[in-house]
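Dear colleague,

Please find below the structure for your review.

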Amino acid sequence: MKITVSATGNTMDSQIDQRFGRAAAFVFVETDTMDFEAIDNAAAASSGGAGIAAAQLVADKDVKAVITGNVGPNAMNVLNAANIGIYKVGALTVKENVELFKKGELERISKTVPAHFGMGNK
Amino acid sequence: MKQIVFISGKGGTGKSTIVASLSLLAQSKIIADCDVDAPNLHLLLKGKRIQEEDYFGAEHAVIDSTVCISCGLCTKVCRFGAISKVIEVLPLKCEGCGACVLTCPVNAISLMKQKTGETYVDSTTRGTFSHALLDIGAEGSGKLVTEVKENLFGFADGENWAFVDGAPGIGCSVIASITGADAVVVVCEPTQSGKSDMERVLGVARHFGISAFVCINKYDLNLRVTSAIEFFCEKTGIPVIGKISYEPKIVKALQALQTPVEAGLTTVVREIERLWNRLKTELTMRKQ
Amino acid sequence: MKIAVLSGKGGTGKTTVSASLAYALQSSQYIDCDVEEPNGALFLKPLIKHFAPVNVRVPKVDEEKCDGCGICSRICRFNAIAVVKGKVLIFPEICHHCAACVIGCQQNAIFEVERSIGVIEADAKGRFMQGRLNIGEPITLPIIKQLKQSLRSDIPVILDCSPGASCTVVQTIEGCDYCILVTEPTPFGLHDLKIAVSLVRKMGLPFGIVINKAMQEDQTIQTYCGQHNIDILMEIPYKREIAESYSKAMLPVHTSEDWKYKFVQMYDRIKGGRVS
């Protein structure tokens, strides 16, 4: 299954990024093989609609789940419409989170933070 | 780190003076000036430049005149009046939407990045300071504000506080300034226009779900309006965390590029310290 | 004659000057273009009789025709459209009303609907007009555009601008005959005045300065104007009584014939072209 984790860097050992819309990057992982691919998050530079653009970005990659810290209302709208599960990060690195996800030990996120929450927070 | 954004609705209420004073009174902080149209904080903070970059915050349509057949479809389709009858792009009006690019039958138009401002990061004795200047008449203030904050947090090094000096108004610059804040402090003045503007900008904070506090500057200029403001805040559940006296000596201090702290205006300084203590208490009590 | 009053720095006295001028001239039109925080009404106390919503067009999808291709979300430069699993999600608050998505849709599946971002209010004769942006809306330009459609050509028109020098101010002052730049004798005032001067020069508009809260001891603005050949139209002194009256929404022209005369004189100077 293909999932993605919001991250501050481009590898499996990178630290996660709590933000979704303004995350520095997304690491896409094939859970069966642990093959991965990282993409810088172009949406982070937007002044508006960053969450929407980031959600579109991950939806276009056909992921089944997103692991992140905080999700704003617009992004959640898009992810829900795309039937992408949203999970709360439970560890420091991308790799650790994927492992926890595989074991079913990550919580789902159902509540959003206020819009624009991730701007300026790390 | 807790991010506090100082806004006002109305301009000229004293945000920059208060932020600059706090930069001297508080420990462990970084600072940003998000009034990118008309930034003032750098005049008081005086630091050493550690980063300076051009900011490309917009795209404008560019028409290749060698390909253009002057059919005029672009002029008709542009919602912003940004293409003249002689098929020239008027940069002050172009919003970079790309409608003309899609419409042009000969692909003569493309969108090109435009420089809309410059960002700066300074090292000051009071903390790292991020600010910017929007190019004259440029659009995209909100985007540049975003960049100022991204720069600030890029230089963060475990400080406890981020003080953001916001822009006046309630539009895109202010919205971009307050996003991600742990709290906003609305600095208002006890005038009818000040109160009216304060109410509107508090509405923006509420709209985006951000905790708000009020500080009444020059409060003794009009005790009646001050009371009215306090009454309004009590009714709407917004703590008034500070009241600062009207002190003409502050103007003289600012003319010498000094904050009330440096000028030794003890009454005002004590009032700002009280504001700071109250703010710290409120924020440690609350959970975001 | 269309006169815009701007400043760069907030709180220098744009509304003081523009409202005073409109009041003193009696037969004039005052347009409050500070649509984020309009204040003119507090001082001129008009009786508002007309309300008009300011509507902008935002896209809506005809789901029968839509094939979920996603081109619209790629075309939108403002992230206002997302397309996931063939479903189109539109975010109207950040839409820039450009209709690029309408044009780009290959199935003609996108049409436009109206939504309101603010309101324009006017007194019975349209001598007082103000725009007000709805809270939470980021974009002001459509309101300014609509306001400017009602400018009179037979009487002087005074446009009160918002602070700053951004696209909102550009839209407001464009096409005006003269700009009054209001400043104060502080380093902030001078710094932002220079920005405002660059703007009006860039736009090729004649202009002059009013120094508000002027002090004898500080002549920095006067010196700057002298060095750059900039006309000083008026100086309003820094006086606690003026500040206190202002806090009660009273202007010097409300109580002093002398001040009314000064503002009329200033207008005559501007009109007579004896400045800049």
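Please note that this is a predicted model.

I begin with chain C and the pairing of its strands. Strand 2 of chain C pairs with strand 7 (residues 128-133) of chain C through 3 bridges, in the parallel sense. Within this pairing, C:Asp32 has C:Gln130 of strand 7 as its bridge partner. Strand 2 of chain C also runs parallel to strand 8 (residues 157-160) of chain C, to which 4 bridges join it. There, C:Gln29 stands opposite C:Val157.

In a regular strand, side chains alternate between the two faces of the sheet. Strand 2 (residues 29-32) of chain C shows C:Gln29 and C:Ile31 pointing one way and C:Tyr30 and C:Asp32 the other, and all are buried.

As to the domains, the assignment divides chain C into domain 1 (2-47 + 124-271) and domain 2 (56-115). The C-alpha centres of these two domains of chain C are 40 Å apart.

In chain B, helix 1 (residues 15-25) is mostly covered, with 9 of its 11 residues buried. Among them are B:Lys15, B:Ile18, B:Val19 and B:Leu22.

Chain A contains 3 helices and 5 strands, which follow the pattern β-β-β-α-β-α-β-α along the sequence. Its radius of gyration is 13 Å, close to the 14 Å given by the globule rule for 122 residues, so chain A is as compact as a globular protein of that length. The C-alpha trace of chain A spans about 35 × 25 × 25 Å along its principal axes. Of the 122 residues of chain A, 51% count as buried.

Kind regards

Technical notes
Residues are numbered from 1 along each chain as its sequence is written. Chains are lettered from A and ligands numbered from 1 in the order in which they are written. This is a predicted model: local features need pLDDT of at least 70, side-chain atom pairs count only at pLDDT 80 or more; totals for chains, interfaces and linings use all residues. A residue is buried if 20 or more other C-beta atoms lie within 10 Å of its own, exposed if 12 or fewer, and partly exposed in between; C-beta atoms are placed from the backbone. Helices (H or I, at least four residues) and strands (E, at least two) are DSSP runs, numbered from the N terminus. Two strands pair if DSSP finds at least two bridges between them. Domain bounds come from an automatic or database domain assignment. The radius of gyration is taken over C-alpha atoms; the globule rule is 2.2 Å times the number of residues to the power 0.38.
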